[in-house]
Amino acid sequence: MTKLNYNAMSDNDLLNYVKQHPEDNEAFYTYIDRKRAANPNPKPMSVEEAEVELQRRVSQHQAS
């Protein structure tokens, strides 16, 4: 089996790969490391912000 080069994949391709291969821990950690590097100091959401975001995602999902 040929080892994939996760660093050569785009963020979107790597995310899709991780979704299709949840057992591939190396791919998952590569994706997470990449996302953390892009935003090293994320601001936590408040409960209110999380509720609004959850409602937005539910509405978006129901519209699809």
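These exercises work through helix packing, the nonpolar core and salt bridges in one predicted model.

Local features need pLDDT of at least 70, side-chain atom pairs count only at pLDDT 80 or more, and totals for chains, interfaces and linings use all residues. Residues are numbered from 1 along each chain as its sequence is written, and side-chain values use heavy atoms, with hydrogens and water left out.

**Exercise 1. Find which residues of helix H1 are buried, and where they point.**

Step 1. Helices (H or I, at least four residues) and strands (E, at least two) are DSSP runs, numbered from the N terminus. Buried means under 20% relative accessible area, exposed over 50%, and partly exposed in between, with a 1.4 Å probe and protein chains only.

Step 2. Pick out the buried residues. H1 covers residues 11–20, and Leu14, Tyr17 and Val18 are buried there.

Step 3. Look down the axis. The buried residues of H1 fall within an arc of 100°, so they line one face of the helix. The arc is that of the directions from the helix axis to the C-beta atoms.

Step 4. Check the other side. Lys19 and Gln20 are exposed there.

Step 5. Find the packing partner. The buried residues of H1 pack against helix H2, residues 25–38.

**Exercise 2. List the residues of the largest nonpolar core and trace which elements supply them.**

Step 1. Apply the rule. A nonpolar core is a set of buried Ala, Val, Leu, Ile, Met, Phe, Trp, Tyr and Cys residues joined through side-chain atoms within 4.5 Å.

Step 2. Name the members. The largest core has six residues: Tyr6, Leu14, Tyr17, Val18, Ala27 and Tyr31.

Step 3. Assign them to elements. H1 and H2 are the elements that give two or more residues to this core. The largest share, three residues, comes from H1.

Step 4. Follow one member. Leaving aside neighbours within four places in sequence, Tyr17 is in contact (heavy atoms within 4.5 Å) with Leu4, Tyr6, Met9, Asp24 and Ala27.

**Exercise 3. Count the salt bridges, then examine individual pairs.**

Step 1. Apply the rule. A salt bridge is a side-chain nitrogen of Lys or Arg within 4 Å of a carboxyl oxygen of Asp or Glu. The count comes to six.

Step 2. Take aspartate 11 and lysine 35. Their side chains meet in a salt bridge at 3.8 Å, N to O. Aspartate 11 lies in H1 and lysine 35 in H2, so the pair ties together parts that are 24 residues apart in sequence. Aspartate 11 is partly exposed at 35%. Lysine 35 is also partly exposed, at 37%.

Step 3. Take glutamate 49 and lysine 43. The closest N and O atoms of this salt bridge are 3.8 Å apart. Glutamate 49 is partly exposed at 36%, whereas lysine 43 is exposed at 68%.

Step 4. Take arginine 56 and glutamate 53. This salt bridge spans 2.5 Å, N to O. The two are three residues apart in helix H3 (residues 47–63), separated by about one helical turn. Arginine 56 is partly exposed at 43%. Glutamate 53 is buried at 19%.

Step 5. Look for shared partners. Salt bridges that share partners join Asp11, Arg34 and Lys35 into one network.
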